[in-house]
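Look over the sequence and the fold, then read on.

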Amino acid sequence: MLTIQGATIVAIATAIVAQQGSIGIVRLSGERAVAIAKKIFHAVGKQTWSSHQILYGYIQHPETKQTIDEALLLLMLAPRSYTKEDVVEFHCHGGIIAVQEVLQLCVQQGAKLAQPGEFTLRAFLNGRIDLTQAESVAELVSAQSSQASQVALAGLKGKLAHPIQELRKTCLDILAEVEARIDFEDDLPPLDENSIRQQIQELLSKVESILATADRGELLRSGLKVAIVGRPNVGKSSLLNTWSRSDRAIVTELPGTTRDVIESTLVVGGIPVQVLDTAGIRDTCDTVEKIGVERSRKAAESADLVLLTIDAEKGWTAEDNLIYQQVKNRPLILIINKIDLATPDNIQYPPEIKSVVMTAAAQNEGINALETAILDAVKTGNLEITNSDIAINQRQATTLYRVQNALNQVQETIQNNLPLDFWTIDLRAAIQALGEITGEGVTESVLDRIFSRFCIGK
């Protein structure tokens, strides 16, 4: 990916769907971006090609003069652009045909199709953003909730980069103190070991504080997978429909109506929640229903949280208990549904079930209590969503664990009264790892792995 940095690249920067979307954007970046734009764009009247100005005109084939589209052109000259290169955007009519033809026209004039994330990669390589900010761009695009979006925006503003840079600066200062004593031992006062230990302990505390946001980050990005399970006709589909305010699942009085796993995505307390309405689990001779039951079991096994649903009228039955035995190893909330039809006071469910919610899904009752119980389950699992601006991703967490190990090793080295040369080994390892988080000294393979997950136009 890095070898083609000098080329002028082009990509469609908006989602393209037939008969949807009024605007489609084709983006050029590189030293020939303006030259290519001038070949194919005819600006009406006496408009000037000035940076950060919008021109109106027509995109035309340079040889045949055939008009491809009526469009706007946005010109952003280096270094005041997303990539710090000359950038041109054609704002065309949406759909499929117009933007594809403009894209091909740019390629015919010498531009190369951009690889996934290449625009953001160039922004990073040209020093406009660091690696944490680049990763925040991808997280912002893929955010599934407003809270995930806000965390990504905070990362884009440098809320993670700043504390990492401060940690690295402190490590560099400590390393300089140690190396100075190695090189100029006779000319400097003895090293204050207690002060060094205290500084490293403070560094470790800050690293641990940032690491504590890793689970939160994973939750915001990936969301929570919740499976609604239970016997047929206990109201699982009604619960999903009421909760999601839709008619995703078929609701009838006939048991076994749901034959497959039905998905719906919600946001609960800032957490994206993928809700799986599963087929009623029971023994059946129906071949199709058997397949649905087996898929239900697999969905329950892979879920982060199981909502075991029972019927208030029938209470806790032998069939409910069989299902419970299959899912009790998962985090679980018991839902006693249809409380509008029966009083659930005397239901004898297993005492180890601590989280119980009463609902009347058909009457839209108990949904708020259910969401509160889900958030409580998240907190119990140490995944509480807080108002912190920081939520590190898996790569950043893995690298920070290396920092933590290196700093712990420095403490152990000091404790064992080893020579100062040994101190510097682990201090350098911590400095290297901290630099990799923001992109200093990061390898090309790491960059390829990160930016290959981006969309093409970003």
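Predicted model: local features only at pLDDT ≥ 70, side-chain atom pairs only at ≥ 80, totals over all residues.

**Overall build**
- The protein has 458 residues, and buried residues make up 49% of them.
- Its secondary structure comes to 15 helices and 13 strands.
- Take the contacts between residues at least 6 apart in sequence: 67% of them join residues at least 24 apart.

**Cysteines**
- A search of the whole structure turns up zero disulfides.
- A disulfide is a covalent bond between the sulfur atoms of two cysteines.
- For Cys-106, the closest cysteine sulfur is in Cys-92, 8.5 Å away, so the pair is too far apart for a bond.
- The cut-off for calling a disulfide is 2.5 Å between the sulfur atoms.
- Cys-106 is buried, because its relative accessible area is 0%, and buried means under 20%.
- Cys-171 is buried too, with a relative accessible area of 1%.

**Thr-120 and its surroundings**
- Thr-120 sits in helix α3, which covers residues 118-125.
- Thr-120 has a relative accessible area of 0%, so this residue counts as buried.
- Which residues does Thr-120 contact, leaving aside neighbours within four places in sequence?
- The contacts are Tyr-82, Ile-129, Ala-134, Val-137, Phe-451, Phe-454 and Lys-458.

Technical notes. Residues numbered from 1 in each chain as written. Heavy atoms only, no water. Buried < 20%, exposed > 50% of the residue type's maximum accessible area, 1.4 Å probe, protein only. Helix = DSSP H or I, 4+ residues; strand = E, 2+ residues; numbered from the N terminus. Contact = heavy atoms within 4.5 Å.
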